[in-house]
Structure formats: C-alpha cells, structure tokens
Amino acid sequence: MEKMMNIIKPKPNPQQLLRDWQRRLRQESRNIDRQIRDIQREEKSVQKAIREAAKRNDLGSAKALAKEIVMSRRTVNRLYENKAQLNSISMHLGESVAIARTVGHLSKSAEVMKIVNNLMKAPEMAVTMQEFNKEMTKAGVIEEFVNDALDSALDSDDIEEEIDEEVDKVLTAIAGDTAAQLPEAVRKERLKQPAQTEDAEDEGLDDDEDLEEIRARLAKVRS
C-alpha cells in the first residue's frame with residue numbers, strides 16, 4: 001500500500017524542494033543565533049564569578065572558569081562558521097534550481113556536498129545535516145556520503161598549550177591585577193593559615209558546588 005501511495009503521490013518539483021530546504025536552513029540559522037546569545041549571556045555571569053574568585057585568592061577556580069569562557073568562545077566561533085556554511089548551502093541550492101529550470105531536474109553540486117559533509121562533522125549540526133544528506137542524495141543534489149566522525153579538535157593535545165595561553169589572557173583581562181598577584185597571594189595566605197578551619201572547608205565546598213553549577217550551565221548552552 002505504501003509503495004502504491006508513493007507512486008500516486010507526485011514528486012516535489014525543484015522549486016518546492018528548494019523552498020522547503022531554504023526554510024529549514026533559515027530556521028537552523030535562527031537556532032544558531034539563539035544559541036550564541038545564550039552562550040554570551042551566560043559568559044557574563046562567569047566573568048563575574050572569575051572576579052569574585054580572584055578577590056578571594058582562589059586561583060584554581062578562577063582559571064577553571066576562564067577555561068570555560070575560552071571553550072565557550074571557541075564554540076561561538078564555530079557556530080558562526082556553521083551559520084556561514086548554511087548560508088552558502090542555500091546560495092548554491094538556488095544556483096542548482098536555476099540550472100534545473102533548463103535541464104528539467106536537479107543536478108549534483110560538488111560544493112553543496114562538500115559543505116554538508118563538513119557540517120556533518122560538527123557536533124551541533126550532525127543530526128540535522130544527516131537528514132539533509134539523505135534528502136539531497138535522494139533528490140540527486142549530492143552523492144551518498146557517510147561520515148560518523150565528529151569534530152574532536154578541541155580534545156586534541158596539540159591545542160592544550162594554546163588554550164592555556166588563552167586562559168591566562170582571559171583571566172588577566174577579567175580579573176586584572178588581582179589575577180596577576182594570585183600565586184603570591186595564595187602562598188601568603190597558606191603561610192598565615194597552615195591549618196584549614198571547618199568554616200573554610202565548608203566555604204571551599206560551596207565554591208566547588210558553584211563552579212560545577214556554572215560549568216553545567218555552560219555545557220548546556222554549548223550543546
């Protein structure tokens with residue numbers, strides 16, 4: 001019965017396919033804009049937490065939070081790149097439809113295939129691009145391509161040193177002179193207080209809980 005319905009149901013023409021794809025691409029672009037705004041809004045609260053950690057000479061928490069900001073800014077840059085590639089797909093699809101008016105069918109586009117494949121490696125776009133990949137392959141715009149490898153560049157050891165440098169820059173920019181004096185301040189504080197009091201331990205626990213809560217919020221808006 002399903003095969004019969006597929007035979008009876010008319011196939012969408014190139015213009016219809018283009019309108020549907022472009023509508024969904026615009027929606028994805030809006031989703032990216034919203035995610036960027038959420039990340040940048042959350043970053044402001046993290047900056048405040050870094051300044052507070054610097055004031056209480058908590059270098060560990062300040063650097064950990066600064067690293068979260070670095071990772072968030074990298075995510076934002078990647079999201080902007082994803083959005084630009086979505087716009088590029090829409091443009092190339094328009095060109096394909098213009099050609100289809102002449103030849104009567106959609107032709108394969110090497111550029112669209114390349115961009116879709118690139119976006120399939122981006123964690124934020126993988127599922128959406130897999131759907132586009134199937135539909136565009138079926139429509140004859142691209143060839144079938146399967147790539148399960150996600151972009152894991154942020155986990156490579158090669159950029160850890162670069163991230164540490166960026167963390168120091170962020171920490172200095174946000175916390176200012178206080179951050180630069182933190183190591184010495186921490187040593188003096190330890191000399192003054194060789195034994196940690198129960199109240200201090202409780203305060204440290206609260207700080208750890210706050211740090212984990214901030215990390216969780218950032219992870220949520222980055223995903």
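Helices H2 and H5 are roughly antiparallel to each other (angles over 145 degrees count as such). In this predicted model, local features need pLDDT of at least 70, side-chain atom pairs count only at pLDDT 80 or more, and totals for chains, interfaces and linings use all residues. Residues are numbered from 1 along each chain as its sequence is written, and side-chain values use heavy atoms, without hydrogens and water.

Let's look at the pair itself. H2 spans residues 14–55 and H5 residues 126–139; they pack at about 170 degrees, with axes 12 Å apart. Helices here are DSSP runs (H or I, at least four residues), and axes are lines fitted to C-alpha atoms over the stretch in contact, with angles from 0 to 180 degrees between N-to-C directions.

Now follow the side chains. From H2, Leu17, Trp21, Arg24, Leu25 and Glu28 meet Thr128, Glu131, Phe132, Glu135, Met136 and Ala139 of H5 (heavy atoms within 4.5 Å). Of these contact residues, six are nonpolar, one is polar and four are charged. Arg24 also lies over the face of Phe132, 4.5 Å from the ring centre (the rule asks for CZ of Arg within 6 Å of the centre and within 35 degrees of the ring normal).

Technical notes:
Helix = DSSP H or I, 4+ residues; strand = E, 2+ residues; numbered from the N terminus. Parallel < 35°, antiparallel > 145°, perpendicular 65-115°, else oblique. Nonpolar A, V, L, I, M, F, W, Y, C, P; charged D, E, K, R; others polar.
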